[in-house]
Amino acid sequence: MSAAPNDAVGRYGSGRAINRIEDPLLVRGRGAFVDDAAEPGQLHLSLLRSSHAHARIRSIDRAGAAAMPGVVAVLTGADLAAAGVGPMHAPAPKKDVDGRSMGTPPRLALAIDTVRFAGEALVAVVAATRAQADDARDAIVVDYDELPALADLGAATAAGATQLWPDAEGNIAAVMRHGDPVATAAAFGAATHVVVLDLVNQRLAPTPLEPRGVIVSPDPATGRLTVRMASQMPTAARNTIADQLRLPREQIRVVVGDVGGGFGMKTDAYPEDVVTAFCARLLGRTVRWTAERSDEFLASGHGRDIASRAELALDGDGKVLALRVRSLCNVGAYATNAGVIIQLLIGPWVSTSVYDIATIDLDLRAVLTNSAPTGAYRGAGRPEAIYTIERLMDAAAKAAGFDRVALRRRNLIGPQQMPYRNPMNQVYDSGHFEAILDQGLAAADWDGFEARAAESAARGRLRGRGIATFLEWTSGNAFEERVAVAVEDGMIEIFSATQAMGQGIATSYAQLAVDVFQVPIDRIRIVQGDTDRGTGFGSAGSRSLFTGGTAVQVASTQTVARAQDLAAAHLEAASHDLEYVGGDFRIVGTDRKVGLFELAAQQAGRAIRIDATTSVEGPSWPNGCHVCEVEVDPETGAVAVVAYSSVNDVGRVVNPTIVRGQLAGGVVQGLGQALCEHLVYDPDSAQNVTASFLDYAMPRVDLLPAIRSEMDQSIPCRTNPLGVKGVGELGTIGATPAAVNAVIDALDRAGAGARAMHLQMPLTSEKVWRVLHPDT
Amino acid sequence: MAMRPFAYHRPADVAAALALLRAEADARYLAGGQSLLGAMKLGLSAPTGLIDVVRLPALQGIERSAGAIRIGAATTHAAVARSPLVREAIPALAHLADQIGDPAVRAWGTLGGSVANADPAACYPAALLGLAATVHTDRRAIDADAFFLGIYQTALEPDELITAVEFPTGARAAWAKFKHPASRFALVGVFVARAAGGAVRVAVTGAGPCAFRVTALEAALERGFAAAACDDVPIDSTGLTSDLHAQAAYRAHLISVLARRAVTEIVQ
């Protein structure tokens, strides 16, 4: 059903809370996810994963497996190496403070000689069915020579710890230092108040609903590989697979359908993707692999896992003089560029957050351990940094006797300071942090707290409130996007190399296109996920709308401009005498007109096509004030989140429903880190002991109150013409410190504040109970 | 891991079910499958045959008689939770069933399946012990006190099939569950029942290898049935479960707290 064209912008344009155009298919179970696809004659891959966290591989006996029913191939890392497959990523060229390049063992798609974490793949089996492949995998006999395993940061940095890699002295893969240690030391020397906190951001598993999957089909005539996979970054995946197989990148086509969540975990190609592609090419057959949930817990990219000593120096009025942080960042068995940069560079960009802090001293070390490599997970460095500064703010207020809101207000960067350059040399284009703070306090009824606390107390519960005022950086530092527009067959098709993964980006793009084309939204078709049609950075770092959306708007505008010239010719009028209204070009003041689609049908090729590459000027800096209220059951230590509200500056909003969904979903994941999620390696064996949902505690709906998310649209981003700021990660970043600060506040009000300061996430009921009952 | 192939059987009666189990070396009864199918997907269990017993006529129905309520082994948790008979006769049992797992688990999981599986953190075993229930099988009746023997261990013989569980009525009872943060089984659950004659039973699940009674609490509550009585009985953490999610001392503490809450609910 279409509205009259002249109503289109009003009904479907940006700013409208329309339903997502993706949903009619998805909610009917008609999504096209990788595992829904099938190819005739397809083969199935199964991977043997290391049962040890650290071991020398003495021998692999695959004779029994190779002889089993349905088995087509059994391959080891040596087979891949013999075919020229090298390390997945060359050691990063990035030099650390001492001028060293990153010290890390090379990551191989299948381990050779040594396995370095439990779950690392070392043998691939291809068979006619998955069950046959699994059976054969189970028949492989590996003789391991066990080596000492370092499960965590403590073990890896202990004196005398086993050296995991020769070029990583002390198991330190990379070091970065930021700021001015001398000036910082002087500021701490002159400070009236100093607070010190030891903070742990525990390891998390990203756990999208849809696990990874890949299907690779070779074209017998050309040798080209079509890779159907779940990916946020199809181009990066294509490049990695091509490089691994030593093929020209054009010989790989990556196609992505629906993606059931990424959260940073589906960026780039994984060893499983490379092995699947290798086998398909070797065998000349379609080969597929779908991750089980246990594969994801064992071997997909994990998030966080950093331990920090954080210090804040303040003068007598509460003005922050300096921030000093020393962090050890567990990057797992193989330091990847992303894993290192997220903790050592990206997180630090927001380390001073919304506060006017000029003096910092950060010393950040990436540490190798016998665990799965870490990588991007929603927020990627910023949650860790914001958790640090927001915990410090509360600790400083407590220690020095300041009101925590007043202390934050005292240190906020003012709107008159924009654009503001922080001590990491990052420039905030816009922001009115005090206005957001005030709205956040009002939305939470901050001043009405005592009455609610009394009501909770009457029910035997300890109520607490926590606040986080913060900003974050979005863009992935990739500012360019190419968009292809085709007006053809009564439709406007728009291709973008950014990638949908459930966030509703197609709807947002379509709304931006409606703004320009003034046609009903069902005339717009958004196409993504095909490297043959276009390449680019993909979707990560909350960049899609402000880079990709800008490109959609620019390309759409260029399309209308091009069409206007064609319309002028068609109407035998001057282009500047035409107006474009509701899908028609009309000579102003007459009834002579031609429709956009009619015009397109008259062109050679029966279409109007525009290919436009657009850049935005820099990152965006969304920010917010998040307030969480909790009730603690003093008898059990159980924490219930009883209220959550936030006010967010995400610039201009294209679809309020989608933005609220992003904020709420982010908040849930942030609460997950604060209260329940923890990926645990056994300290002795370095085995992953939380490799299923029986032990990895996800946040459930009964943990959550109604989440109220508001937006202030009065502060547009200045680095893109849409004025939008990224929103994908904002909720996650604010929720974790807001919730933890709330629990600590509840415990502080019960007289246990000093002990509560030392709580580490997740704040399980037993930990909270022990703070309240220290003698047990 | 992909589930291994298996034969699926749907026998018409109990005799046929028993015959199928005896005929196949590695067959299992399937009674809803909310634990077994998950274990098969994880590769922890790989039976060659599944004998679906949920439609067996002898395992159906909820009947009330003088002094007892008999629930067929194939009755789902959801059916127990919404049964007017159970809600009227033993509301705590209906409440317990309503707190198991999630809606999907309650729609498929059965009383007999849960009891036979004897998961250390399953909810039903606490109710069986707390209410002094009787487990009826194809060949005999077993007192709940003699049924749960250890972790996933019961008094059942390998081919023995539970047909029903008989719960005495007349006691006043309450169920207090502290949910495991990940699995939503009981991190600790306590079922308290006070019979008309004053006898008290306190049964705990989630804290040891299998459900067990706390006789010291029972004795204290028989002396005076009040929440405060629980405070005077220290729970020894020796032998209680310590794992990633709770240390034994915390579980011992939760037993006290949950017992007190259950008693309070009964008294009110």
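Tutor: Two residues are in contact when heavy atoms lie within 4.5 Å. The model discussed here is predicted.

Student: Leaving aside its neighbours within four places in sequence, which residues is E296(A) in contact with?

Tutor: E296(A) sits in helix 10 of chain A, residues 293-299. Neighbours within four places in sequence are set aside. The contacts that remain are P211(A), R212(A), M265(A), A291(A) and H302(A).

Student: Does E296(A) count as buried or exposed?

Tutor: A residue is buried when its relative accessible area is under 20%. E296(A) has a relative accessibility of 4%, so this residue counts as buried.

Student: Which residues of helix 7 of chain A are buried, and where do they lie around the helix?

Tutor: Helix 7 of chain A covers residues 181-190, and T184(A), A187(A) and F188(A) are buried there. An α-helix has 3.6 residues a turn, so residues three or four places apart point the same way. Seen down the axis of helix 7 of chain A, the buried residues fall within an arc of 100°, so they line one face of the helix.

Student: Which strands do the buried residues of helix 7 of chain A pack against?

Tutor: The partners also belong to chain A. They are strand 8 (193-204), strand 13 (303-314), strand 14 (320-332) and strand 15 (360-368).

Student: How does the radius of gyration of chain A stand against the globule rule?

Tutor: Chain A has 22 helices and 28 strands. For its 776 residues the globule rule gives 28 Å, so chain A is as compact as a globular protein of that length, with a radius of gyration of 27 Å.

Student: What share of the contacts in chain A with a separation of 6 or more comes from residues 24 or more positions apart?

Tutor: Buried residues make up 61% of chain A. Among contacts with a separation of 6 or more, the share from residues 24 or more positions apart is 80%.

Student: In chain B, which residues is L128(B) in contact with, leaving aside neighbours within four places in sequence?

Tutor: L128(B) lies in helix 8 of chain B, residues 124-130. At 0% relative accessibility, L128(B) counts as buried. Beyond those neighbours, L128(B) is in contact with V115(B), A133(B), V135(B), A144(B), F148(B), V165(B) and F167(B).

Methods: Residues numbered from 1 in each chain as written. Chains lettered and ligands numbered in written order. Predicted model: local features only at pLDDT ≥ 70, side-chain atom pairs only at ≥ 80, totals over all residues. Heavy atoms only, no water. Helix = DSSP H or I, 4+ residues; strand = E, 2+ residues; numbered from the N terminus. Rg over C-alpha atoms; globule rule 2.2 N^0.38 Å. Buried < 20%, exposed > 50% of the residue type's maximum accessible area, 1.4 Å probe, protein only. Arc of directions from axis to C-beta.
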